[in-house]
Amino acid sequence: MTHPEHPVIPSTGELALEDRASLRRVAGLSTELTDVTEVEYRQLRLERVVLVGVWTDGSAADADASLAELAALAETAGSEVLEGLIQRRDKPDPSTYIGSGKAIELREIVLATGADTVICDGELSPAQLNSLEKVVKVKVIDRTALILDIFAQHATSREGKAQVSLAQMEYMLPRLRGWGESMSRQAGGRAGGAGGGVGTRGPGETKIETDRRRIRERMAKLRREIRDMKKIRDTQRSRRLGSEAASVAIVGYTNAGKSSLLNALTGAGVLVENALFATLEPTTRRGEFDDGRPFVLTDTVGFVRHLPTQLIEAFRSTLEEVVDAELLVHVVDGADEHPLAQINAVRQVVNEVIAEYDIAPPPELLVVNKIDAATDLGLASLRRALPDAVFVSAHTGDGLDRLRSRMAEMIPPTDATVDVTIPYDRGDLVAKVHADGRVDATEHTADGTRIKARVPMALAASLSEFATF
């Protein structure tokens with residue numbers, strides 16, 4: 001690993017002195033508003049945030065890309081990014097994430113920029129949150145809390161809101177101490193002091209314990225509600241699986257263009273927005289292959305690197321769409337700077353979900369989207385790295401015909417069209433055709449009953465001797 005600013009790390013694991021001693025600023029992350037009056041700014045009421053990341057492995061470009069993604073997440077949540085900082089360490093500091101000295105430097109940057117929030121590019125322990133917050137003296141949140149907040153803003157359905165609430169509570173429960181001093185007080189006034197009086201003295205834990213009990217009760221209620229809603233979803237899914245239409249699930253990184261592709265393939269009018277996690281509720285639409293076979297296409301929630309485990313658990317019923325699919329259409333943003341990293345992040349989550357069901361994963365069709373916005377060099381590199389992928393633009397329609405034909409190839413037909421004349425003494429076969437197939441035409445002839453129908457492949461094989469020529 002070589003970078004002009006960062007020499008090769010020795011095999012002993014020791015870090016270069018200049019890397020260890022510096023908080024490196026990442027250029028181009030500021031989203032500070034320009035040409036906006038003071039009055040207009042006050043109306044916007046955006047949180048002003050400083051981003052902080054710890055670079056432990058990979059290249060400098062990987063570290064910058066991770067912080068750039070954090071900036072995009074912060075903007076999606078409605079924040080204004082003032083500064084982005086990266087600290088080079090062999091591992092995050094167990095106390096303050098970036099180390100006590102760098103935490104003091106961060107405090108000075110917070111004061112200089114007027115920031116009111118620090119967002120850390122990682123999942124911090126309750127102790128790290130508490131310690132860093134005490135030093136910088138503004139609100140500190142981590143990547144997980146930020147993603148949970150975005151999900152909370154975008155959830156619209158009853159099930160989506162319940163799933164996000166459950167995920168937030170699972171995250172919050174062990175971190176009640178980490179959100180400031182107020183959570184550890186027993187009560188207001190003189191409670192807990194020497195002269196508080198009978199019933200007011202104590203260890204100061206009452207408020208936390210009460211909050212934890214209420215959260216646990218609320219979590220239990222949400223789990224029951226999600227289980228009940230899951231039954232409805234399972235019924236809808238089993239009805240779809242019982243139909244003749246092939247089941248296709250769209251998966252991919254957030255903002256890769258999954259909803260746009262769903263609209264382009266099926267003519268649906270699903271919300272399309274250039275934002276992270278614009279789609280949280282799975283949307284299912286019906287389409288047809290070129291040979292007339294129907295299929296159902298389900299748009300799933302987008303993934304992201306280091307997707308919080310709480311969200312994977314809460315959105316389990318949503319992600320089960322992946323398990324039942326006959327084909328996964330894995331959408332990749334061809335215009336992104338690190339598409340291969342996105343592919344790995346998505347596959348990691350998909351494999352984690354499928355592993356729990358002890359089934360073989362569905363076949364995967366890689367689709368590189370947004371080729372109209374990608375560079376020629378980037379596309380050439382992707383064509384070499386992903387020789388089996390289909391390259392499309394959901395925006396312009398380029399490559400969609402090729403995609404449809406590839407999808408049809410990867411989902412072999414489960415039925416066949418037959419034109420047979422069944423003798424009158426084989427009424428059992430006529431009844432089976434009507435029961436298991438879709439009859440298009442029936443005619444009574446001198447030789448028997450002539451039927452044109454679509455039937456399962458096994459039944460078509462047994463009817464071959466009665467084929468009408």
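## The largest pocket

Helix H3 (60–76) gives the most to the lining of the largest pocket, with six residues. Strand E2 (47–55), H3 and helix H6 (143–154) each supply at least two residues of this lining. Helices (H or I, at least four residues) and strands (E, at least two) are DSSP runs, numbered from the N terminus. The model is predicted: local features need pLDDT of at least 70, side-chain atom pairs count only at pLDDT 80 or more, and totals for chains, interfaces and linings use all residues. Residues are numbered from 1 along each chain as its sequence is written, and side-chain values use heavy atoms, with hydrogens and water left out.

The lining of the largest pocket consists of 27 residues, and Val54, Asp57, Ser66, Asp121 and His306 lie nearest the centre. On a 1 Å grid over the protein atoms alone, a pocket is an open set of points with protein on both sides within 12 Å along at least five of seven lines, where a 1.4 Å probe fits; lining residues have an atom within 4 Å of a point. The space in the largest pocket is about 650 Å³, a volume being the space filled by probe spheres set on the points. By class, eleven lining residues are nonpolar, nine polar and seven charged. Ala, Val, Leu, Ile, Met, Phe, Trp, Tyr, Cys and Pro count as nonpolar, Asp, Glu, Lys and Arg as charged, and the others, Gly among them, as polar.

## The six-stranded sheet

An open sheet of six strands has the order E7-E8-E6-E9-E10-E11, with mixed pairing. Two strands pair if DSSP finds at least two bridges between them. Strand E7 (283–288) and strand E11 (390–391) are at the edges with a single partner strand each, so one side of each has no neighbour in the sheet.

Strands E6 (residues 246–252) and E9 (residues 327–333) pair in the parallel sense over five bridges. Glycine 252 is opposite valine 331 in E9. Helix H12 (residues 339–355) lies across E6, E9 and strand E10 (364–369), and runs at about 150° to E9. Axes are lines fitted to C-alpha atoms, for helices over the stretch in contact, and angles run from 0 to 180 degrees between N-to-C directions. Contact means heavy atoms within 4.5 Å.

Eight bridges pair E12 with strand E14 (residues 449–456) in the antiparallel sense. Isoleucine 422 has threonine 449 in E14 as its bridge partner, and threonine 417 stands opposite arginine 454 in E14. E13 and E14 also run antiparallel, joined by six bridges, with glutamate 443 opposite arginine 450 in E14. The hairpin of E13 and E14 has four residues between the strands, and glycine 448 there takes a positive phi near 150°.

## Two crossing helices

The axes of helix H9 (residues 258–266) and helix H14 (residues 400–410) come within 11 Å and cross at roughly 85°. That makes H9 roughly perpendicular to H14, a term for angles of 65 to 115 degrees. Leu261, Ala264 and Leu265 in H9 meet Leu400, Leu403, Arg404 and Met407 in H14. By class, this contact has six nonpolar, no polar and one charged residues.

Notes. Angles under 35 degrees count as roughly parallel, over 145 as roughly antiparallel, 65 to 115 as roughly perpendicular and the rest as oblique.
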